[in-house]
Amino acid sequence: MPAPDHRAPPSIPYPPADAPLVPARMVNEYVYCPRLAYLEWVQSEWADSADTVEGRHAHRRVNRDGGSLPAPSRGDGASRLHARSITLSSRRLGLIARPDLIESDGGRVTPVDYKRGKRPHVERGAHDPERVQLCVQGLLLREHGYDCTDGVLYFVGSRERVRVVFDDDLVAATHEAVDGLRRAATEGVIPPPLEDSPKCPRCSLVGICLPDEVNRLTRTTTAPRPIAVPCTEALPLYVQARHAKVAKSGETLVVTIDDMRC
Ligand code: SF4
C-alpha cells in the first residue's frame with residue numbers, strides 16, 4: 001500500500017529556486033538564538049567549545065554512512081532497516097538535513113537524532129531547538145514520499161530515547177523558524193543579542209558575539225559579565241618544551257618529552 005501523502009505546504013512564499021537550502025542544524029540554532037544562527041550560517045563564524053567537541057564525540061559512530069532506505073512505494077513492512085547519515089534535501093521546502101539514523105519498520109520511517117548529555121526533564125520531553133531540528137528531518141522524509149509521523153531524540157548521556165510527534169503545532173513552529181532565518185539572511189540584518197541570558201556564557205560564539213558589550217553600547221545599562229572559563233577549578237597548562245606530547249590516559253593528563261614521562 002503506498003504511504004499516505006503527508007507533505008506539508010512549505011513556508012509562504014516558496015523560497016526562490018536559487019535560495020540556499022537551510023540546514024536543519026541552523027533551524028535548531030535559530031530557535032535557540034536567532035543571532036547565533038545568523039553568525040554561523042550567514043557570516044560563517046565558528047568557534048569550538050567543550051560542548052561542541054563533546055557533541056562531535058557523541059556523533060562519531062553515526063557519522064559513518066551505512067544502510068539504505070527502501071523506496072517509499074516499498075512500504076510493505078517486510079523488514080526493519082537502519083540507514084545512517086543519509087542526506088535529504090528539497091528545493092520546494094528549501095531545506096537540507098542529514099539525520100543521524102533513519103529507522104524503517106512496517107512501512108513507516110522514523111528519523112533518530114543523537115544528542116550529547118542526558119534527557120532533559122521538561123514538559124515536552126526535549127527542548128524546542130532539538131524538536132524543531134528533528135521536525136525538519138521529518139518534513140523532508142514526508143516530502144520524499146515517506147510515511148513519517150514522529151521522530152526520536154536519543155540522549156547519549158542517559159541512553160534514553162524521547163519520542164517527538166510531528167503534530168500541527170510543531171510543524172507550524174518549524175516553518176516559522178525556517179521563515180525567520182531565511183528572512184534575516186535575506187535582509188542582511190544581524191538579530192540583536194539576547195539580554196542577560198543564561199545561554200550566553202555557554203555559547204561557543206560568546207567571544208565573537210559579545211552580547212553584553214553590544215547590549216551595553218546599544219540599549220541597556222547593565223554592566224557586561226566577564227567572559228570566564230566556566231569551570232573555576234580548571235587551570236591552564238603550559239607546555240613549552242620541544243618535542244613534548246600531551247595525552248590523556250583515563251582521567252590523567254600525561255606529558256612526555258622525548259618519550260620520558262613528566
Ligand atoms: S552569545 Fe548569546 S546572544 Fe550571542 S549568539 Fe550566543 S546565545 Fe546568542
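Me: Which helix gives the most to the shell around the ligand?

Reply: Helices (H or I, at least four residues) and strands (E, at least two) are DSSP runs, numbered from the N terminus. Here α2 gives the most to the shell, with three residues. Both α2 (34-42) and α6 (206-209) supply at least two residues each. This is a predicted model, in which local features need pLDDT of at least 70 and side-chain atom pairs count only at pLDDT 80 or more, while totals for chains, interfaces and linings use all residues. Residues are numbered from 1 along each chain as its sequence is written.

Me: Which residues come nearest to the ligand, and how does the shell divide by class?

Reply: A residue is near a molecule if its C-beta atom, placed from the backbone, lies within 6 Å of it. Of the 14 residues around the ligand, Cys33, Leu36, Cys200, Cys203 and Cys209 come nearest. For the classes, Ala, Val, Leu, Ile, Met, Phe, Trp, Tyr, Cys and Pro count as nonpolar, Asp, Glu, Lys and Arg as charged, and the others, Gly among them, as polar. The shell has eleven nonpolar residues, one polar and two charged.

Me: In what order do the three strands of the open sheet stand?

Reply: Two strands pair if DSSP finds at least two bridges between them. The order is β1-β4-β3, with mixed pairing. Since β1 (22-23) and β3 (88-90) stand at the edges with a single partner strand each, one side of each is left without a neighbour in the sheet. β3 and β4 (residues 95-97) run antiparallel, joined by three bridges; serine 89 stands opposite isoleucine 96 in β4.

Me: How many residues of α4 are buried?

Reply: A residue is buried if 20 or more other C-beta atoms lie within 10 Å of its own, exposed if 12 or fewer, and partly exposed in between, with C-beta atoms placed from the backbone. In α4, 14 of the 16 residues are buried. For its length, the expected span is 1.5 Å times one less than the number of residues. For α4 (residues 128-143) that gives 22 Å, and the end C-alpha atoms are 22 Å apart, which agrees.

Me: Which residues have the most contacts inside the largest nonpolar core?

Reply: A nonpolar core is a set of buried Ala, Val, Leu, Ile, Met, Phe, Trp, Tyr and Cys residues joined through C-beta atoms within 7 Å. The largest has 42 residues, and Val27, Leu95, Val136, Leu140 and Leu181 have the most contacts inside it. The largest share, seven residues, comes from α4.
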